[in-house]
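Subject: Handing over the two-chain model

Dear colleague,

I am passing this structure on to you, and my notes on what was found in it follow below. Please look through the structure first and then read the notes beside it.

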Amino acid sequence: MTAKLNLTLKVWRQVHAKAKGEFKTYKVHDISPDMSFLEMLDELNNELIRKGEEPVAFDHDCREGICGTCGMMINGQAHGPERLTTTCQLHMRKFKNGDTIVIEPWRARAFPVLRDLVVDRGSFDRIQQAGGYTSINVGNAPDGNSVPIPKTQADPAFASATCLGCGACVAACKNASAMLFVGAKVSQFALLPQGQPERAQRALSMVAQMDEEAFGNCTNTYECEAACPVGISVDNIARLNREYIRASVCSNVMP
Amino acid sequence: MKLDARIPSGPLDAKWDHCKNEMKLVSPTNKRKFDIIVVGTGLAGASAAASLAELGYNVKAFCFQDSPRRAHSIAAQGGINAAKNYQNDGDSVYRLFYETVKGGDFRSREANVYRLASVSGNIIDQCVAQGVPFAREYGGTLANRTFGGVQVSRTFYARGQTGQQLLLGAYGSMNRQIQLGRVKMFPRREMLDLVMVDGVARGIVVRNLVTGEYETHAAHAVLLCTGGYGNAYYLATYAKGSNVTAAWRCYKRGAAFANLCYTQIHPTCIPVTGDHQSKLTLMSESLRNDGRVWVPKNPGDLRSPNEVPDTDRDYYLERRYPSYGNMVPRDVASRAAKERCDSGYGVGSSAKAVYLDFSDAIKRDGVASIKAKYGNLFDMYAKITDEDPYASPMRIYPAIHYTMGGLWVDYNLESTIPGLFVLGEANFSDHGANRLGASALMQGLADGYFVAPYTVGHHLASRKLAKVGTDHPAFKETMYNAKDRVEKILKVNGKRTSDSFHRELGITLWDYVGMARNEAGLKKAMEKIRTLRDEFWQNVKVLGTGDSFNQNLEHAGRVADFLEFGELLARDALTRNESCGGHFREEYQTPDNDTLRDDTNFQHVAAWEYTGEGKEPIRNVEPLTFDEVKPIQRSYV
């Protein structure tokens, strides 16, 4: 059994969207290295409640790294120091006794802070609404095996489709760009036969919505790929660029 | 209360067609005059919202998460069943139907299960058309694998993330309808009550979790797709936000709650490590395809697993169940693990775990092949436990994972409240006393894509529904009630956190209403829960205000409902004097510790009716008849 940890936390506190926020410092004691990062925050919150202070608000749900709800900047890194890991799957054994940990919400104009570490990622939903689907009604589907899709094509489509929509890519990017997120969804459908009928329109509409939401542009620093908890590759950004050019130049679809 | 299951007449395989032909239709131009509320946006909710909007209804969808894509269906790993018989291994709709009824220990409705099996193939087609990237063979056809309790390969999957991919498919379909203006999405809203007008469900009260404001919404039908109640146990594989509040409020408005005691304990979860633990993590049952479950032959064997030679290992599932081996249904595998650990053979520091060993599979197929199939699960295990599952066996232990019980619904998925439909895990209908693996995704999507669009239409077309808006007095009254309850929690101002109440409730339920139950324990559980509930209302401490973003308040409200619900759960278990599927009463077992049903006295659904605060609920009974299959003692030997 590894020794328990005593830590100093500097946590962003902000009462509501329009309020002025600030860092507050808290000490936590006897943290088990087997705890997840969020369980450590649970401990802090229980302690705060007992002391009569309002607990720190943070988003979380599945706590098994798949729902994409959790996410915070931990010492300046989206989801913290461990690669390919969501905040809920980060464990305290990655920290040392006596460490100071700075915890902030995602910072991006398109993700306004709602409270403390909670941000509004509705902009991601609106981008998906702009075209992240195939337009097929229930009742119209042909047999699942009617169109064979080679494994070599299905596997990369799956890899793009695993995006959690957590927003770490945006938070990690100095421009707060959403290109990796949009690229992943556009790629999934561009790679599959089912996505072909709306391929050009999808690329144009999703990019237009992305711009409207005030995400920044991509300048190829690849911080997004480094921060992504499921390893979405920057190849998706390259593909998005190709898809966008293809749609703008080679199709008769209007943006 | 009269329970009319409204099962259509005719032979089993013609019932659903017959039902669809008889149902009244709403004409295309009239559909836009009807409003439908969908609460919850998991597989059942998102698919229902999308399909109803495609038909032309006005849909309002609600979820407590920040986005509909976060619902906990997303965490389902292993797969989705469909009777496609793509493997040419003798599968058929009948076989899927039969195995589901048998897997459920003959406590489900034949007609419902048959319908489920018969639409299963359409679900796969629909999802493929949406661009769901299912696993495929090199030739481009869809791949399948096998699951517990089954002797064919009928499970479709997307690596270990099938739920995620199916949910994103349904979310996409719903997004399309949002873009078209036919679905209006309300995220970060918690349903606090159901509004009834003239005995019919006509709307809901929600709290906006960002601003704390109360909102009322009126409609012609309300669909509850709010998932299961497993978080009553605190430690479970559910998402932290999953709760029983919406269903419980509907129960108190007159919807019967059925078969609560059928709770599924999943055999392959990562064991508890300490008191700080906030949830348990499941690893897909598909791991049992290649992993072998064992404990040391000698109790208290402290050698590391790799040092224990084969001769000193007890592969107890293979030993006891030679034909199904490691692939027995979940309830059987879970009980066997508990039995081994209780008898002193458990492994790991807590001695509450068994090994799941892949060394033979790695030797046979190579690391690369195992990685391709289960890579993400192995990574997850390594992250949580800090151990390398490629090098030494995983440790696993059962955990609460799914609840077969839920609000009672008839064949049309309508509850005992007219106009209130219940879909997916929130209803009780299709899995009987135990759900087979890869059937939850199937049921959620069957209800949403292929059943509710017909049956909700029938309700709208056949009942005369007066024009009701949120200015109707029932809306104000219901809203004030909901608000009062929230304010009451804030006023207690005691000393204990809501989390500590939740943990204590969870321990009580796990100890007395867990994998093995008995009369004395269940009575004790009810007593303990009552005491804890009283203390909650005297001593809970919730900070902040009701008119702000307040997660502490949200949680406390859910715990308050779990504290009422938990007692009914224990009561249901106490009154079912038999063992079946996920409900194991120690008094009723076979000589080899298997479930012993009592078909003479308990071949029925128990549906509980609320009678008022502090009053005993009424246990109503819907008899189950089996015309097609003959209930037998389940055997997986």
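The largest nonpolar core has 289 residues, a nonpolar core being a set of buried Ala, Val, Leu, Ile, Met, Phe, Trp, Tyr and Cys residues joined through C-beta atoms within 7 Å. The residues with the most contacts inside this core are A:V170, B:I36, B:A49, B:L223, B:L224 and B:L407. Its largest share, twelve residues, is supplied by helix α16 (residues 551–575) of chain B; helices (H or I, at least four residues) and strands (E, at least two) are DSSP runs, numbered from the N terminus. Leaving aside residues up to four places away in sequence, B:L223 touches B:I36, B:I37, B:V38, B:V39, B:A48, B:F421, B:L423 and B:A452, where contact is taken to be C-beta atoms, placed from the backbone, that lie within 7 Å.

Before going further, please note that this is a predicted model, in which local features need pLDDT of at least 70 and side-chain atom pairs count only at pLDDT 80 or more, while totals for chains, interfaces and linings use all residues. Residues are numbered from 1 along each chain as its sequence is written, and chains are lettered from A and ligands numbered from 1 in the order in which they are written.

Chain A

The secondary structure of chain A comes to eight helices and seven strands, and its C-alpha trace spans about 60 × 40 × 35 Å along the principal axes. Of the 255 residues in chain A, 54% are buried, a residue being buried if 20 or more other C-beta atoms lie within 10 Å of its own, exposed if 12 or fewer, and partly exposed in between, with C-beta atoms placed from the backbone. Among the contacts in chain A with a separation of 6 or more, 70% are between residues 24 or more positions apart.

Five strands of chain A form an open sheet in the order β2-β1-β5-β3-β4, with mixed pairing; two strands pair if DSSP finds at least two bridges between them. The edge strands, each of which pairs on one side only, are β2 (22–31) and β4 (77–78) of chain A. Strand β1 (residues 5–13) of chain A pairs with β2(A) in the antiparallel sense over eight bridges, and A:W12 has A:F23 as its bridge partner in β2(A). Helix α1 (residues 37–51) of chain A lies across β1 and β2 of chain A and runs at about 100° to β2(A), with axes being lines fitted to C-alpha atoms, for helices over the stretch in contact, and angles running from 0 to 180 degrees between N-to-C directions.

Chain A is divided into domain 1 (5–104) and domain 2 (121–136 + 148–250), with domain bounds that come from an automatic or database domain assignment. The C-alpha centres of these two domains of chain A lie 29 Å apart, and the contact takes eleven residues from domain 1 of chain A and ten residues from domain 2 of chain A.

Chain B

For chain B the assignment gives domain 1 (12–22 + 36–262 + 404–462), domain 2 (265–401) and domain 3 (473–595). The C-alpha centres of domain 2 and domain 3 of chain B are 31 Å apart, and their contact takes seven residues from domain 2 of chain B and five residues from domain 3 of chain B. On the domain 2 side, the largest share, five residues, comes from helix α9 (residues 330–345) of chain B.

Strand β2 (residues 58–62) of chain B pairs with β5(B) in the parallel sense over four bridges, and the bridge partner of B:K60 in β5(B) is B:K184.

B:Q87 is found in the loop between β3 (80–81) and α4 (93–103) of chain B, and B:Q87 counts as partly exposed because it has 15 C-beta neighbours inside 10 Å.

Where the chains meet

In all, 61 residues of chain B are in contact with 65 residues of chain A. On the chain B side, α6(B) gives the most, with nine residues. By class, that side has 18 nonpolar, 28 polar and 15 charged residues, counting Ala, Val, Leu, Ile, Met, Phe, Trp, Tyr, Cys and Pro as nonpolar, Asp, Glu, Lys and Arg as charged, and the others, Gly among them, as polar.

With best wishes

Notes: Two residues are in contact if their C-beta atoms, placed from the backbone, lie within 7 Å.
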